[in-house]
Amino acid sequence: MGDLLQDLPQLRTRLYTASKDMYGDYDRLEAEADLRVNVGLAGTVLSGVLATQVDALGAVVCIPMTFLAYRGLTKLREANDLLVQAVVTELVKSTGFEEYVDALDSNRREAAPGYQKPRRWRALRPT
């Protein structure tokens, strides 16, 4: 699984060269995620300090700031889903993913003697 995560920076570049529109969507989602997480975490810490040092009502501000950080993590997941979608549809190639699939196929082949390798998505697409 670690090999798959090491391919992420390369996948961004490959996605940019393969589809600028999809990369634009990915970049927008990632930027929104970064902003929301950073503002949410900073706001949570500041409102916590406010609640302990000034007024206990400052703790009320922690709730929306925590929610903002959570929404940022959701946006980051959506951005990563776009990368996964690009890999699964073979818009971009991931060497780590290909090695992972090949290892799974070899394990299945060893486990079941009559196993046939499934067809790839590319073979299913009309030419």
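Me: Is Glu-90 buried or exposed, and what is its relative accessible area?
Reply: This is a predicted model: local features need pLDDT of at least 70, side-chain atom pairs count only at pLDDT 80 or more, and totals for chains, interfaces and linings use all residues. Numbering runs from 1 along each chain as its sequence is written, and side-chain values use heavy atoms, with hydrogens and water left out. Buried means under 20% relative accessible area, exposed over 50%, and partly exposed in between (1.4 Å probe, protein chains only). Glu-90 is buried, at 13%.

Me: With which residue does Glu-90 form a salt bridge, and which residues are joined into one network?
Reply: The structure holds five salt bridges, each a side-chain nitrogen of Lys or Arg within 4 Å of a carboxyl oxygen of Asp or Glu. Glu-90 pairs with Lys-93, closest N and O atoms 4.0 Å apart. Lys-93 is partly exposed at 37% relative accessibility. Salt bridges with shared partners make one network of Arg-28, Glu-32, Lys-75 and Glu-78.

Me: How far apart are N and O in the salt bridge of Glu-32 and Arg-28?
Reply: Both residues sit in helix H3, four residues apart, about one turn. Helices here are DSSP runs (H or I, at least four residues), as strands are (E, at least two), numbered from the N terminus. Glu-32 is partly exposed at 23%, and Arg-28 is partly exposed at 42%. The N to O distance is 3.2 Å.

Me: What sequence separation does the pair of Glu-32 and Lys-75 span?
Reply: Lys-75 is buried, with a relative accessible area of 13%. The closest N and O atoms of its salt bridge with Glu-32 are 3.6 Å apart. Glu-32 belongs to H3 and Lys-75 to H4, so the pair ties together parts with a sequence separation of 43 residues.

Me: What length does H3 reach from its first C-alpha to its last?
Reply: H3 covers residues 20-53, which is 34 residues. Expected span is 1.5 Å times one less than the number of residues.

Me: Which helices are among the elements covering the buried residues of H3?
Reply: The buried residues of H3 are Met-22, Tyr-26, Leu-29, Glu-30, Ala-33, Val-37, Gly-40, Gly-43 and Ser-47. Their cover includes H2 (8-18) and H4 (59-88).

Me: How are H2 and H3 oriented to each other?
Reply: Axes are lines fitted to C-alpha atoms, for helices over the stretch in contact, with angles from 0 to 180 degrees between N-to-C directions. The two axes come within 6 Å and cross at roughly 135°. Angles under 35 degrees count as roughly parallel, over 145 as roughly antiparallel, 65 to 115 as roughly perpendicular, and the rest as oblique. H2 and H3 are therefore oblique.

Me: How do the residues of the contact of H2 with H3 divide?
Reply: Contact means heavy atoms within 4.5 Å. H2 supplies Arg-12, Leu-15, Tyr-16 and Ala-18, and H3 supplies Lys-20, Met-22, Tyr-23, Tyr-26 and Glu-30. They divide into six nonpolar, no polar and three charged, where Ala, Val, Leu, Ile, Met, Phe, Trp, Tyr, Cys and Pro count as nonpolar, Asp, Glu, Lys and Arg as charged, and the others, Gly among them, as polar. In short: six nonpolar, no polar, three charged.

Me: What share of the 127 residues in the protein chain is buried?
Reply: The chain has six helices and zero strands. Buried residues make up 24%.
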